[in-house]
Amino acid sequence: MISARGDHRPRRGAVLIAAVLAGLMVLTGCASLPESSAPQALGTINRAPTSAGPTPPIPGRDADLLLGDFLTASADPTNRHAAARQYMAPSTAAAWNDEASTVIVDARPDTLRESRVGDKASYVLRARKVGELAGDGGYRATEGTLENKIEMSRIDGEWRITDLPPGVVMDNDSFMKSYQRNLLHYIDPGNSLLVPDPRWISVPRAQLTERLISALAQGPQAAIAPVVRNQLAPPVSLRAPITKANNEPGEVGVGIGGVRIDFAGLGTMGQRERELLAAQVVLTLSDADILGPYVLLADGKPLDERYAANGWSVADVDQYSASAPGQNRIGLHALRNGTLVQVTPDGIVTPSGSFGEATNLQSVGISADGQFVAAVADSGKPQSEPGRTLLIGNYGGRAFPVAEGMSIARPSWTGDGGAAWTAIDGEKVVRAVTDRNTGNVTTEDVDISALFDGSGPRAPITEVTISRTGVRAALIADGKVYVAVIERRPDGKYALTSPLPLALGLSTRAVSLSWVTGDTIMVAREGNVDPVFTVSIDGSQFSAVPAQNLTPPVRVVTAAPATQYVADSRAVLQLQTADPTRSDRFWREVPGLTGNQVVPVLPG
């Protein structure tokens with residue numbers, strides 16, 4: 001796990017293990033629960049102390065060394081950073097506002113002593129910022145220099161901090177040791193997929209289940225709150241404490257035994273809504289490696305009678321996961337010398353229709369169900385006129401021009417195949433909306449004004465790729481990587497909002513990107529140093545993908561949860577394994593897709 005600095009895994013639960021354990025366990029599903037238990041608001045679950053108490057400062061410690069100890073202790077958020085407060089004078093500890101901000105820096109700050117006279121000392125901390133952590137655990141990648149002044153005094157023979165700015169500062173290594181990245185899951189606008197919401201949480205393993213359920217109930221981060229739903233929102237509450245599913249003693253979420261959660265306040269919630277609630281809970285817990293089975297109750301009775309006997313498993317709700325493998329139903333395609341081709345076990349096949357007949361295609365997007373194709377073609381017009389045309393048509397059918405421009409980015413389809421998104425001339429984002437009943441296509445401008453406010457992206461926009469949930473878009477703007485939220489306004493128009501920079505500090509420009517899972521993006525960039533990398537949607541995790549067998553420059557990347565492809569200077573190559581934990585990964589050529597005019601195409 002590496003900080004998202006450009007030049008310095010999505011995690012799924014142990015699904016197979018959980019399934020095996022579920023089969024071996026005998027659940028005591030009829031165990032009674034206290035009828036008099038008062039429902040407990042999910043957002044206010046009591047949290048037990050995380051330890052017997054922090055380790056106190058070393059007696060007789062010199063001021064320089066004590067300041068270093070304080071920085072280390074600052075990474076522990078327990079009891080409002082009680083460990084760090086021990087290094088302060090009592091009045092300073094009482095007044096320090098640790099909730100003002102949390103800044104993560106790339107390495108241990110440089111401590112520069114400004115002065116030291118008698119029992120007084122003054123220091124300046126300087127470091128390079130890499131991220132900020134919000135109170136709800138949301139991470140945002142940042143840049144810039146941190147400079148804090150700290151005053152110290154010797155009190156009763158011991159050095160203590162007497163003045164410091166509000167907020168917490170910790171180095172990235174300490175942050176990674178104290179916090180774990182978890183994915184909360186909320187419901188997309190179409191009620192068909194769950195949208196990941198990354199949070200960084202620091203609690204002992206035995207308290208993680210409770211903390212995750214509490215965080216789910218408190219709701220999504222502000223950026224996506226307008227576009228997702230939460231089945232755990234009030235009036236839903238906990239009817240009883242969370243326990244192991246088998247009613248055995250022990251710490252919930254640690255080892256085997258599953259999880260039992262009894263909800264109140266579901267009222268007349270229907271089966272579909274209950275299933276979505278279960279999906280939120282199960283995928284959130286399983287992504288944190290909290291093993292099932294997950295026995296979910298409503299007012300002491302099974303949440304859904306179908307799962308009364310054995311509880312819920314990941315397999316029962318995996319259809320709601322945007323990161324589940326096996327969603328590519330039409331296989332790999334490619335552009336070869338301007339023509340769309342399909343890669344089959346028997347070789348390369350050219351489909352019928354306009355896209356298989358054309359020889360001037362520059363890029364292609366295919367809908368997830370394989371029904372529609374959007375392509376960018378060379379118009380053949382004089383240099384002073386628009387040189388690119390956006391074509392839309394049925395796979396195997398005729399294509400029709402719907403827009404033109406001097407440049408048009410590679411099209412990206414929404415998960416339902418209803419619209420293809422692209423950027424025209426680097427300054428305008430459009431949706432080509434297909435009416436499946438009539439076959440008519442209309443183009444709509446997307447409001448991108450929020451992207452260019454303040455310190456956000458700058459034109460040109462050269463890539464726009466829509467996530468499978470339809471809630472986020474990944475962008476390349478002026479060679480930099482961003483993720484934005486897709487909002488549908490009351491008038492039916494769409495907008496890109498809340499741009500978040502990713503992979504800050506890249507020494508070369510990004511050229512292509514693609515969604516791997518709902519929370520991870522694969523990026524290709526110029527140059528031969530780490531030409532392909534993945535980055536999380538909050539910018540907290542950057543990981544170079546092994547470059548073995550690649551011949552830069554890498555021109556295009558296209559990805560899915562189970563497989564990833566690139567086009568380099570000589571061929572299309574497939575990553576030998578999609579498992580990001582493997583250190584022996586390498587790229588291998590796809591037979592029949594050689595040459596510098598070949599580009600891989602996956603649906604989406």
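## Cis peptide bonds

P235 sits in the loop between α6 and β11 (237-238). Helices (H or I, at least four residues) and strands (E, at least two) are DSSP runs, numbered from the N terminus. P234 and P235 are joined by a cis peptide bond, with omega about 15°. P460 belongs to the loop between β25 and β26 (461-466).

This is a predicted model: local features need pLDDT of at least 70, side-chain atom pairs count only at pLDDT 80 or more, and totals for chains, interfaces and linings use all residues. Residues are numbered from 1 along each chain as its sequence is written, and side-chain values use heavy atoms, with hydrogens and water left out.

## A positive phi

R80 has phi near 55°, a positive value in a residue other than glycine. R80 is part of helix α3 (residues 78-85). Most residues other than glycine have a negative phi, and most peptide bonds are trans.

## The annotated domain

An unreviewed UniProt entry carries the annotation "domain: GerMN" for residues 209-307. UniProt positions are given in the numbering used here, feature names are shortened, and annotations may be inferred rather than shown by experiment. The span 209-307 is 27% helix and 15% strand. Its end C-alpha atoms lie 20 Å apart.

## Helices α6 and α7

Helix α6 (residues 205-218) and helix α7 (residues 271-287) have axes that come within 10 Å and cross at roughly 135°. Axes are lines fitted to C-alpha atoms, for helices over the stretch in contact, and angles run from 0 to 180 degrees between N-to-C directions.

T209, L212, I213 and L216 of α6 meet Q280, V281, T284 and L285 of α7. Contact means heavy atoms within 4.5 Å. By class, the contact of α6 with α7 has five nonpolar, three polar and no charged residues. Ala, Val, Leu, Ile, Met, Phe, Trp, Tyr, Cys and Pro count as nonpolar, Asp, Glu, Lys and Arg as charged, and the others, Gly among them, as polar.

## Sheet β22 to β25

Four strands make an open sheet in the order β22-β23-β24-β25, and the pairing is antiparallel. Two strands pair if DSSP finds at least two bridges between them. β22 (412-413) and β25 (441-446) are the edge strands, each with a single partner strand, so one side of each has no neighbour in the sheet.

β22 and strand β23 (residues 419-424) run antiparallel and are joined by two bridges. S412 stands opposite W421 in β23.

## Sheet β34 to β37

Another open sheet has four strands in the order β34-β35-β36-β37, with antiparallel pairing. Its edges are β34 (556-560) and β37 (587-594); each has a single partner strand, so one side of each is left without a neighbour in the sheet. Neighbouring strands of this sheet are turned by 25° against each other on average, direction ignored.

Strand β36 (residues 571-575) pairs with β37 over four bridges, in the antiparallel sense. L573 stands opposite E589 in β37.
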